[in-house]
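User: I am new to reading protein models. Can we go through this one step by step?

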Amino acid sequence: MNLLTQAGVSLRAFSKLTARSQTTIPASVRDAMKLKPGEEIEYAVLPDGQVLMCRKNSAENEDPVIGSFLRFLENDMQENPGRIKPLRASLLARAESLTADMDIDLDAPLTDEE
């Protein structure tokens with residue numbers, strides 16, 4: 001099973017390499033990622049050869065505390081993979097019931113009222 005099957009893909013697009021090993025990101029993908037000209041893209045190659053692509057976060061927008069914490073979590077997960085347990089169905093159902101009527105825009109800026 002590949003990453004596309006596992007992830008529940010909502011969009012699939014294709015592009016072709018030119019003779020200079022360049023490609024154009026399809027417009028549908030650029031739109032879905034809200035990419036603009038000049039933005040940097042980060043690629044992560046997985047052990048099985050599949051590639052993840054995302055907008056690169058600029059260092060000036062990165063919270064140093066969150067960055068340090070995420071690096072700590074990443075290292076701990078790599079060093080102790082046996083500690084990672086699947087989310088219990090009952091906990092997921094509870095979270096879904098608590099947020100069922102909420103409309104959340106994760107891209108909207110936070111305000112002081114939230």
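User: Where does alanine 13 lie?

Analyst: This is a predicted model, where local features need pLDDT of at least 70, side-chain atom pairs count only at pLDDT 80 or more, and totals for chains, interfaces and linings use all residues. Residues are numbered from 1 along each chain as its sequence is written, and side-chain values use heavy atoms, with hydrogens and water left out. Helices are DSSP runs of H or I with at least four residues, and strands are E runs of at least two, numbered from the N terminus. Alanine 13 sits in the loop between helix 1 (3-6) and helix 2 (27-33).

User: Which residues does alanine 13 touch, not counting those up to four places away in sequence?

Analyst: Contact means heavy atoms within 4.5 Å. Proline 26 is 13 residues away in sequence, yet its C-alpha is 6.7 Å from that of alanine 13. The residues touched are Pro26, Ser28 and Val29.

User: Is alanine 13 buried, partly exposed or exposed?

Analyst: Buried means under 20% relative accessible area, exposed means over 50%, and partly exposed is in between (1.4 Å probe, protein chains only). Alanine 13 has 32%, so it is partly exposed.

User: How many bridges join strand 1 to strand 2?

Analyst: Strands pair if DSSP finds at least two bridges between them. Strand 1 (residues 41-45) and strand 2 (residues 51-55) run antiparallel. Valine 45 stands opposite valine 51. The number of bridges is five.
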